[in-house]
Amino acid sequence: MSHVHRFPARITGEDGAPQFYYGADYNPEQWPREVWDEDITLMQRAGVNVVALGIFSWARLQPTADTWDFEWLDDIMDRLHAGGIRVDLATATASPPPWLTTAHPEILPVRRDGVILSQGGRQHWRPTSPVFREHALALVTALAERYKDHPALIAWHINNELGCHNAWDFSDDAARAFRLWLQDRYGDLDTLNKAWGTAFWSQHYSDFDQIIPPRLTPAEGNPTQLLDFRRFSSDALRDYLRAENEILARISPDIARTSNYMVTGDTPEMDYASWMGDVEFLSNDHYLLPTPDAIEELSFSAARCGSLAAYKPWWLMEHSTSAVNWRSVNPPKRPGEMARDALTHVAHGADAVCFFQWRQSIAGSERFHAAMVPHAGADSRLFRDVVSLGEALTTLAPVVGSTLLPAQVAVVLDYESWWATDQPFLPSTLLDHHEQALAWYTALLDTGVRVDVVGPNDDLAAYKVVVAPLLHVVPAALAERITDAVHAGTHFVTTFFSGIVDEEAHVLAGGHPGAFRDLLGVRVEEFHPLRAGQSVTLDDDATGTLWCEPLDLDEGTETLRSYADGPFEGKAAATRAWRGEGSAVYVSTHMDWWYLAALASEIVSAAGAWADIDMPTPGSVITTIRRGADADYLFLIPRSPEADVEVGELEGILYGPTTPTITGTDVVVLRREHDV
Ligand code: GAL
């Protein structure tokens with residue numbers, strides 16, 4: 001379950017009021033000490049009050065197996081403290097030094113095809129390696145003991161982006177750990193054989209030692225094995241997180257602990273809902289995707305952080321001031337976009353705005369990644385924007401500590417369904433769980449309402465509308481909770497290829513979608529996935545892609561949309577069944593966005609959900625509300641950087657332009673006295 005146990009010590013301004021944390025990853029080990037003094041002066045100028053320090057400094061801290069060098073870290077910690085800058089100190093375990101990998105190549109991760117990944121990059125370690133763990137934990141212990149009482153220290157930063165580059169390891173260490181994980185999950189081989197359906201293709205196991213991770217096979221592997229390996233891999237990283245966490249909790253119990261997660265559309269590997277008990281506060285890294293719905297994806301990710309943090313404040317640990325360097329082409333952000341992105345995270349509950357990284361490197365793999373201080377130096381548009389963002393955060397200081405107000409409408413992101421539909425040997429390999437969740441999120445934003453992003457184990461009954469697209473894996477308990485929520489008044493929406501399998505990835509037979517047949521009042525005998533480029537038309541002119549299917553409707557099930565052509569012309573394409581106080585809607589194809597938004601709007605109004613502010617063009621801005629002790633803060637975030645947005649005469653503007661029209665990157669924050 002989601003909870004935040006403890007937040008780092010608050011940083012206060014001159015008036016004694018809490019401020020946003022503002023800063024970056026700081027890598028002073030890349031620079032001579034003369035630069036450090038300039039760094040601190042510039043940090044002060046920008047309003048930077050915190051840095052994440054030492055993330056990739058293992059080789060510097062422990063140059064050989066038997067030598068340690070903390071002098072430089074002592075020095076910079078002291079200088080930062082003297083400069084009024086707090087430290088989120090990394091355990092520095094993300095990138096093992098060459099002396100370690102040379103002495104112990106058995107810590108290196110192994111790919112599915114057996115290729116060993118070498119040193120020379122970073123994160124070249126097996127999450128399950130006992131040898132890696134021994135060395136890494138010695139480093140964590142040394143750092144915790146040395147710095148636990150340092151006055152600059154406000155947080156521990158465990159490893160860095162656990163699972164970035166090394167989430168899946170197929171080594172012998174992984175095989176051993178996988179077997180133990182399976183023994184724990186299934187107890188005995190009989191249960192495992194049944195769960196994995198090993199009667200198929202002669203895969204019966206007669207000893208746990210015969211089981212290996214899903215390495216490269218001549219024919220595609222077992223679907224339950226594949227799903228379990230993804231569950232195991234996420235758990236193995238969490239287990240490693242726990243190992244570092246325990247040391248810090250023992251040696252340095254007074255300092256709050258975090259680990260920067262990657263809740264983002266291009267990182268499906270880790271199921272963070274199950275990691276929330278393993279950090280004291282949530283922090284997240286987010287990099288804008290180069291897609292037309294980039295701002296919606298950012299907002300989706302931030303909204304998921306909001307619900308993971310139980311609507312309490314969290315940290316944005318990394319994002320980029322401008323360009324990244326790791327895509328094939330890396331354009332800069334346009335003026336205004338940096339602040340818009342940062343404040344979108346704030347809108348969803350972030351109390352820290354941090355970047356990768358403080359000063360742009362001149363050597364190493366990330367030379368061409370933007371930073372707060374660019375290659376051009378402080379005399380640059382980018383640095384001036386960094387200073388302005390610091391000023392904006394000061395204006396917004398009253399928002400600090402406020403909680404995110406849950407919405408009436410939620411979209412479900414389910415990692416198990418994401419994993420189970422990201423496999424070969426399915427009716428279609430074109431399906432993408434995250435993409436579907438994001439498409440519905442975007443359509444719901446078009447209606448003007450606030451939208452939460454939740455996991456399947458969250459309290460779904462708390463919402464008027466719950467949209468769970470491509471919710472493929474549905475354990476009986478989840479189906480029951482959803483059914484109960486509907487009867488109690490929730491309007492539930494799901495789509496094609498949902499409710500098809502249980503947690504063992506076994507198909508629920510008797511007509512699809514097995515888990516929701518009664519709830520939805522529909523039955524499907526055979527799927528009809530559409531090839532790339534193929535489409536069907538619905539009676540409202542919507543284009544349907546990816547999927548269609550013949551729906552047989554129970555008595556009382558209403559048709560919302562029908563197929564106007566294609567193999568099921570005249571048959572229902574979207575339906576609604578009323579159950580108790582609520583209803584269950586089924587959509588059997590992927591509708592293009594304008595029509596999806598129209599359908600979303602019908603569903604939202606039937607459920608009685610409303611927008612918190614009337615905009616001349618509903619849906620032109622994303623809205624969120626943060627609730628403070630005596631006021632609500634309503635954030636308005638334009639969705640299209642190129643287009644101006646008419647917002648009309650707004651009252652109570654705490655931040656942003658006061659004109660009735662704002663540009664596509666202006667964020668407006670309104671202060672409203674509580675009406676509760
Ligand atoms: C993150 C990582 C940082 C930096 C950044 C660049 O994945 O934590 O160290 O590499 O990406 O975008």
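A residue is called buried when its relative accessible area is under 20%, exposed when that area is over 50%, and partly exposed in between, as computed with a 1.4 Å probe on protein chains only. The structure is a predicted model, in which local features need pLDDT of at least 70, side-chain atom pairs count only at pLDDT 80 or more, and totals for chains, interfaces and linings use all residues. Residues are numbered from 1 along each chain as its sequence is written, and side-chain values use heavy atoms, with hydrogens and water left out.

Ser-233 has a relative accessibility of 4% and therefore counts as buried. This serine belongs to helix H8, residues 223-251; helices are DSSP runs of H or I with at least four residues, strands are runs of E with at least two, and both are numbered from the N terminus. Apart from neighbours within four places in sequence, Ser-233 is in contact with Ala-167 and Trp-168, where contact means heavy atoms within 4.5 Å.

Helix H5 covers residues 130-147. Its buried residues include Val-131, Phe-132, Leu-139 and Tyr-147. The buried residues of H5 pack against several elements, among them strand S3 (86-90), strand S4 (153-157) and H8.

A polar side-chain atom of Glu-161 lies 2.3 Å from a ligand oxygen, and an N or O atom in the side chain of Arg-122 is 2.9 Å from an oxygen of the ligand.

How values were computed: Polar contact = N/O pair within 3.5 Å; in protein donor to acceptor, adjacent residues only side chain to side chain. Expected span 1.5 Å × (residues − 1).
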